[in-house]
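The sequence and structure are shown first.

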Amino acid sequence: MNVLEVCIEGIGLWAPGWPDWPSARAGLRGEAQANATVVTPGPHLLAAAERRRAPLPVLLACDVAAQACAASTHAADTLASVFASTHGDLVITDYMCSTLATAPRELSPIRFHNSVHNAPAGYWTIAAHCHAASTSISGWYASFAVALLEAAVQALADNRPILLAAYDTPSAGPIVDVSPAACAFGVAMLISPAGDRRPTLGLGLHEGRADEGLMMGLPAAFNELAAANPMAAQSLPLLAALAAARPASLKIAAGAHSALAIEVRA
């Protein structure tokens, strides 16, 4: 198994009760409780008018991406990016399907515009004035692992930092049966080739299943998050290891018969 050596230069996170990585890191250590007043992400990078119009996936992705950039030494307008979501904006998808089935002439062109899978990446690059390449990925429950691997490959191939943002929001209508998400969860990481910076990760594809029970060691509040958003929350075992600043070996789902093996070298 070939191992890709990368490091994390910045992290961003948003979940109900956890508006940023420092608060979530404290929560993962058992040192803080969720803040019940935190209900909606509010990325300041977007203009006020855009924040009012933008759907939740856009707000979430832009919020965590901006956090990760602010925690690093890199300007947002210089970074190539990888955005990942299991199925995109499922609320808009449900609206479009139901409208097309009942009153197709009433379909909103604005909501159609926001339905495309790379809408958050588009909002981000415009708001950040970024002309670097952006990749949007969907891999169902393996979306986070696939995006992390893609970001690592790009970082090493081009010898430059890559912004990774993974996010999922609540689903609606019949889609709930195939994509049961009940809350928003987003995480972003600034991935660079490994050097003297820490923490570093060793990544490689592994034949076989992901580790079972990875969520069991999480604090109760984060176990609830993992249950409420089983897609983007695949990042939680890695985030827990990073919060604890300890070495760890993880295998998270990268496909039906493969896993992404992650060695955290604190």
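## A pair of residues in the sheet

Phe 83 stands opposite Ser 136 of strand β3. The strand β2, residues 80-84, runs parallel to β3 and is joined to it by 4 bridges; two strands are taken to pair if DSSP finds at least two bridges between them. Helices (H or I, at least four residues) and strands (E, at least two) are DSSP runs, numbered from the N terminus.

The model is predicted, so local features need pLDDT of at least 70 and side-chain atom pairs count only at pLDDT 80 or more, while totals for chains, interfaces and linings use all residues. Residues are numbered from 1 along each chain as its sequence is written, and side-chain values use heavy atoms, with hydrogens and water left out.

## The sheet as a whole

The open sheet consists of 8 strands in the order β3-β2-β4-β5-β1-β6-β8-β7, with mixed pairing. Its edge strands, β3 (134-137) and β7 (248-255), each pair on one side only. From one strand to the next, the twist averages 30°; axes are lines fitted to C-alpha atoms, for helices over the stretch in contact, and angles run from 0 to 180 degrees between N-to-C directions.

## Helices on the sheet

Helix α7 (residues 143-158) lies across β1 (4-14), β2, β3, β4 (162-168), β5 (185-193), β6 (200-207), β7 and β8 (258-265), and runs at about 25° to β5. Helix α9 (residues 236-244) also packs on the sheet, where it touches β1, β5, β6, β7 and β8; contact means heavy atoms within 4.5 Å. The direction of α9 makes about 65° with that of β5.

## Salt bridges

The model has 3 salt bridges, each defined by a side-chain nitrogen of Lys or Arg within 4 Å of a carboxyl oxygen of Asp or Glu. One of them joins Glu 5 and Arg 265, at 2.4 Å from N to O. Because Glu 5 belongs to strand β1 and Arg 265 to strand β8, this pair ties together parts that are 260 residues apart in sequence. Glu 5 is partly exposed at 32% relative accessibility, and Arg 265 is partly exposed with a relative accessible area of 32% (buried means under 20%, exposed over 50%, partly exposed in between, with a 1.4 Å probe and protein chains only).

Glu 50 and Arg 53 meet at 3.0 Å, N to O. Both lie in helix α2 (residues 48-53), 3 residues apart, about one turn of the helix. Glu 50 is partly exposed at 27%, whereas Arg 53 is exposed at 51%. Arg 160 forms a salt bridge with Asp 158, with the closest N and O atoms 3.4 Å apart.
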